[in-house]
Amino acid sequence: VVISNRSSPYRVRFPKMKILNFLYKFLYRILKNRVDGIIAQTQVSADVYKKSFKCPIIVIPNFLKEMEYFPQVEKGNVIITVGRAVPEKGQKHFIDVVKKLSHNNMDFILLGDGPQLSDLKTYAKKLNVMDRIEFVGFSNEVDKFLAQSKVFVFTSLTEGYPNAIIEAMAHGCVPVSFNCVA
């Protein structure tokens with residue numbers, strides 16, 4: 001039995017469901033003595049697992065997907081964030097950044113879809129910045145959006161290994177990130 005957990009080792013699995021959290025922790029205690037090995041994404045995760053498991057642990061980070069590059073696309077004054085619209089991705093903070101930078105000549109793109117997208121739009125309207133943000137939703141053209149952007153804002157509150165930062169950097173975006181564990 002080999003475990004490969006792809007999220008932060010500190011992540012609370014079911015934040016609003018006490019019974020599921022109890023069940024998860026119970027099953028975790030049973031399973032931990034039957035694990036033959038663990039694949040961790042980062043050394044931080046490996047160090048956390050070493051405290052609970054006695055099996056071998058190796059670190060294998062995610063790879064960079066094959067990127068599509070657009071040398072003909074000129075970088076604009078664009079600040080972008082990419083990710084599923086879910087609470088742990090923290091895009092509400094991206095909207096706060098837009099509010100604070102509303103006096104400048106930057107364009108803002110929020111790329112991603114998910115259950116929190118309509119709440120994010122409502123929040124942007126409340127802060128009077130809806131007209132400053134392009135809410136793209138889901139797109140198969142993430143590389144093209146990154147190619148035209150100068151700054152990538154990463155607001156995740158918890159992550160395993162942030163592929164989005166690596167992909168943005170591969171497109172020459174300057175990353176601005178929360179101090180997210182792992």
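**Pockets, fold and aromatic contacts of the predicted model**

Helix α6 makes the greatest contribution to the lining of the largest pocket, giving four residues. The structure is a predicted model, in which local features need pLDDT of at least 70 and side-chain atom pairs count only at pLDDT 80 or more, whereas totals for chains, interfaces and linings use all residues. Residues are numbered from 1 along each chain as its sequence is written, and side-chain values use heavy atoms, with hydrogens and water left out.

In sequence order, the elements of the protein follow the pattern β-α-β-α-β-β-α-β-α-β-α-β-α-β. The C-alpha trace spans about 55 × 40 × 25 Å along its principal axes. Of the 182 residues in the protein, 41% are buried, where buried denotes under 20% relative accessible area, exposed over 50% and partly exposed the range in between, for a 1.4 Å probe and protein chains only. The predictor's confidence in each residue is expressed as pLDDT, from 0 to 100. The protein has a mean pLDDT of 91, and 99% of its residues reach 70 or more. Among the elements, the lowest mean pLDDT, 86, belongs to α1, and the highest, 98, to helix α4 (residues 117-126).

The pockets were considered next. A pocket is an open set of points on a 1 Å grid over the protein atoms alone, where a 1.4 Å probe fits and protein lies on both sides within 12 Å along at least five of seven lines; lining residues have an atom within 4 Å of a point. Points are joined across faces, edges and corners, and the volume is the space filled by probe spheres set on them. The largest pocket holds about 550 Å³ of space. Its lining comprises 33 residues, and V82, G83, R84, K89 and A164 are those nearest the centre of the pocket. Two or more lining residues are given by each of β4 (78-82), α5 (142-147), β7 (151-154) and α6 (163-170). By residue class, the lining of the largest pocket consists of 12 nonpolar, 13 polar and eight charged residues. In this division Ala, Val, Leu, Ile, Met, Phe, Trp, Tyr, Cys and Pro count as nonpolar, Asp, Glu, Lys and Arg as charged, and the others, Gly among them, as polar.

The second largest pocket has about 450 Å³ of space. It is lined by 20 residues, with N5, P9, R13, Y24 and Y28 nearest its centre. The elements that give two or more residues to this lining are α1 (18-31) and α2 (43-50). Helix α1 provides the largest share, seven residues. In the lining of the second largest pocket, 11 residues are nonpolar, three polar and six charged.

Helix α1 also holds R29, a partly exposed residue with a relative accessible area of 49%. R29 and S52 are 23 residues apart along the chain, and their C-alpha atoms are separated by 9.2 Å.

Five aromatic pairs were found in a search of the whole structure. The pair formed by F22 and F26 is stacked, because the ring centres are 6.4 Å apart and the planes lie at 15°; rings of Phe, Tyr and Trp (its six-membered ring) pair if their centres lie within 6.5 Å, with planes under 30 degrees apart counting as stacked, over 60 as edge-to-face and the rest as tilted. Both F22 and F26 belong to helix α1, with a separation of four residues, about one turn of the helix. F22 is exposed, at 56% relative accessible area, whereas F26 is partly exposed, at 39%.

An edge-to-face pair is formed by F94 and F108, at 6.2 Å centre to centre and with 75° between the planes. F94 lies in helix α3 (residues 91-100) and F108 in strand β5 (residues 107-111), so the pair ties together parts that are 14 residues apart in sequence. F94 is buried, with 0% relative accessibility, and F108 is likewise buried, with a relative accessible area of 1%.

A ring contact of another kind involves K92, whose charged end sits over the ring of Y123, 4.8 Å from the ring centre; this requires NZ of Lys or CZ of Arg within 6 Å of the ring centre and within 35 degrees of the ring normal.

Most residues other than glycine have a negative phi. Phi of N128, however, is positive, near 60°. N128 counts as exposed, at 61% relative accessibility.
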